[in-house]
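Dear colleague,

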Amino acid sequence: MSNQIAFIGLGHMGGPMALNLLKAGHHLKVFDLVPAALKVLADAGAQACATAAEAVEGAQVVITMLPASRHVEGLYLGDDGLLKHIATDTLVLECSTIAAESARKVSAAAAQRGLRMLDAPVSGGTGGAVAGTLTFIVGGAAADLESARPILEAMGKNIFHAGDAGAGQVAKICNNMLLGILMAGTSEALALGVANGLDPKVLSDIIAKSSGRNWATELYNPWPGVMENVPSSKGYAGGFGVDLMLKDLGLATEAAVHGRATTPLGELARNLYSMLSAQGHGGQDFSSILKLYKK
Ligand code: NAD
């Protein structure tokens, strides 16, 4: 079944996600602050709009994919916020990675206006966005997730219900904090081995079949030349940027403060990535954390 969808935020992730919805036969009205991003979607058959309010007119579903909490709150809330322009009962899918508190705040305001809202952050990066294989980690009412499922399936492969509003953001941040810690720990272990005379490839093979094995040693080794076709073997280009990891670790800190949780390793990882970014590597893949350890 094709839907009338408003898609706002057509960047690295939102652009390809919107293209996949078009390919699945949905009708799209789109908006972004950057004209070039709008043009890509207009050329592919979407209706480009001059404002977000124009894009949501007549929409059955609204999707947003924006940089951070302040952009999401700025768009939806306030006297002339987008929530005021969206028709009652519309399904709103907020896919950006933002603070759980922000997601809950916007969701509560949406519910007051009679809208159904889900936080649906994604995992899988730009490659997953292009291929339509993203993982959606959803917070909100189970019934609303069932309504959203066919639309999410046009952009992703795995869809999880994490719990109530905000739970999608919490689960996403827990995963990414662990990822940041594991990449730093893997780099530390490999550098320790090499400093004591081991070959990084031999050590990686041993760890990959031993109890220290993890996603980095199996699929995303940070040591240059150990694995083909990963960012570390391509000058740390592409992949998931240090500054994006830093943003997510900052959100983990916010969640820790809010939930009074203790996250010493998450904090240490945030500081390490912050140091790496300050050294000018913010745009490189996050596996470049190895540079802090390698002699
Ligand atoms: P991006 O900066 O490439 O895209 C964001 C887009 O939003 C930009 O085109 C910008 O012009 C637009 N925008 C900002 N404010 C707007 C407004 N008020 N109205 C309309 N458009 C507006 O960012 P991205 O890489 O696409 O990431 C989007 C979100 O997805 C972020 O929250 C990010 O953390 C998350 N995410 C990114 C990745 C990744 O690998 N890039 C992976 C998973 C999740």
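A polar contact is a pair of N or O atoms within 3.5 Å. By that criterion, an oxygen atom of the ligand lies 2.8 Å from a polar backbone atom of Met 13. Side chains take part as well: an N or O atom of His 12 is 2.7 Å from a ligand oxygen atom, and for an N or O atom in the side chain of Asp 32 the distance to a ligand oxygen atom is 2.7 Å.

The protein buries 85% of the 840 Å² that the ligand exposes when taken alone (accessible areas by the Shrake-Rupley method with a 1.4 Å probe).

Please note that this is a predicted model, in which local features need pLDDT of at least 70, side-chain atom pairs count only at pLDDT 80 or more, and totals for chains, interfaces and linings use all residues. Residues are numbered from 1 along each chain as its sequence is written, and side-chain values use heavy atoms, with hydrogens and water left out.

There are 21 residues around the ligand, and those that come nearest are His 12, Met 13, Asp 32, Pro 67 and Lys 247 (a residue is near if one of its heavy atoms lies within 4 Å). Domain 1 (4–164) and domain 2 (170–292) both contribute residues to this shell, so the ligand lies between them; the domain bounds come from an automatic or database domain assignment.

Yours sincerely

Note on methods. Polar contact = N/O pair within 3.5 Å; in protein donor to acceptor, adjacent residues only side chain to side chain.
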